[in-house]
Amino acid sequence: TELPEKFNSVLWVRRRKDTLALGNMTGAMVFQSSFPVTVGLLLTPWNLAHEALVAAVIALVAGGVLWLTIRFRGRFSAPLLLLQGAFFAGYVVYVVTR
């Protein structure tokens, strides 16, 4: 469902309208991450496994670290992004070893 948005973004980048291209992709991703998820949350039972709760906590901690960094420093850095990868890798190790 994202192919038309990607095609439009490529056309806009070629026309040097990168703001439109980025806005188009961002809007499409926000829609895809909110509408179907909302339908799923409303129409399915909530039986969260232990791994899902661990994933939620790790995601909230990682997001909090990013938010605090932007709030106080005003920018991201490569080590910070590597730390985010470490959060993800830690979760993968947790799931595989469990």
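For the angles and distances in this tour, an axis is a line fitted to C-alpha atoms, for helices over the stretch in contact, and angles run from 0 to 180 degrees between N-to-C directions. The model on screen is a predicted one.

Start with helix H3 (residues 50-73) and helix H4 (residues 78-97), whose axes come within 11 Å and cross at roughly 175°. That angle makes H3 roughly antiparallel to H4, because angles over 145 degrees are counted in that class. To see the contact itself, select His50, Glu51, Val54, Ala55, Ile58, Val61, Ala62, Val65, Leu66 and Thr69 on the H3 side, which meet Leu80, Leu83, Gln84, Phe87, Tyr91, Tyr94 and Val95 on the H4 side. Coloured by class, the residues of this contact divide into 13 nonpolar, three polar and one charged.

Next, move to helix H1 (residues 3-14) and helix H2 (residues 18-43), where the axes come within 7 Å and cross at roughly 165°. H1 is therefore roughly antiparallel to H2, and the crossing in which H1 passes H2 is left-handed. Select Glu5, Lys6, Asn8, Ser9, Trp12 and Val13 in H1 together with Asp18, Leu20, Ala21, Asn24, Met25 and Ala28 in H2, as these residues meet across the contact. By class, the contact of H1 with H2 has six nonpolar, three polar and three charged residues.

Stay with H2 and display its whole length: the helix has 26 residues and reaches 38 Å from its first C-alpha to its last, close to the 38 Å expected at 1.5 Å a residue. Within H2, now pick out Ala21, Asn24, Met25 and Ala28, which are buried; the buried residues of this helix pack against H1.

Which residues does Ser9 touch, not counting residues up to four places away in sequence? Centre the view on Ser9, which lies in helix H1, and look for Ala21, Asn24 and Met25, the residues that Ser9 touches once those sequence neighbours are set aside. Ser9 counts as buried because its relative accessibility is 7%, and the cut-off for that class is under 20%.

For the last stop, select Arg16, whose place is in the loop between H1 and H2. Is Arg16 buried or exposed? With a relative accessible area of 75%, Arg16 is exposed. If your viewer lists backbone torsions, check Arg16 there too, as this residue has a positive phi of about 65° although it is not a glycine.

Technical notes. Residues numbered from 1 in each chain as written. Predicted model: local features only at pLDDT ≥ 70, side-chain atom pairs only at ≥ 80, totals over all residues. Heavy atoms only, no water. Helix = DSSP H or I, 4+ residues; strand = E, 2+ residues; numbered from the N terminus. Parallel < 35°, antiparallel > 145°, perpendicular 65-115°, else oblique. Left-handed = near helix turned anticlockwise from the far one by under 90°. Contact = heavy atoms within 4.5 Å. Nonpolar A, V, L, I, M, F, W, Y, C, P; charged D, E, K, R; others polar. Expected span 1.5 Å × (residues − 1). Buried < 20%, exposed > 50% of the residue type's maximum accessible area, 1.4 Å probe, protein only.
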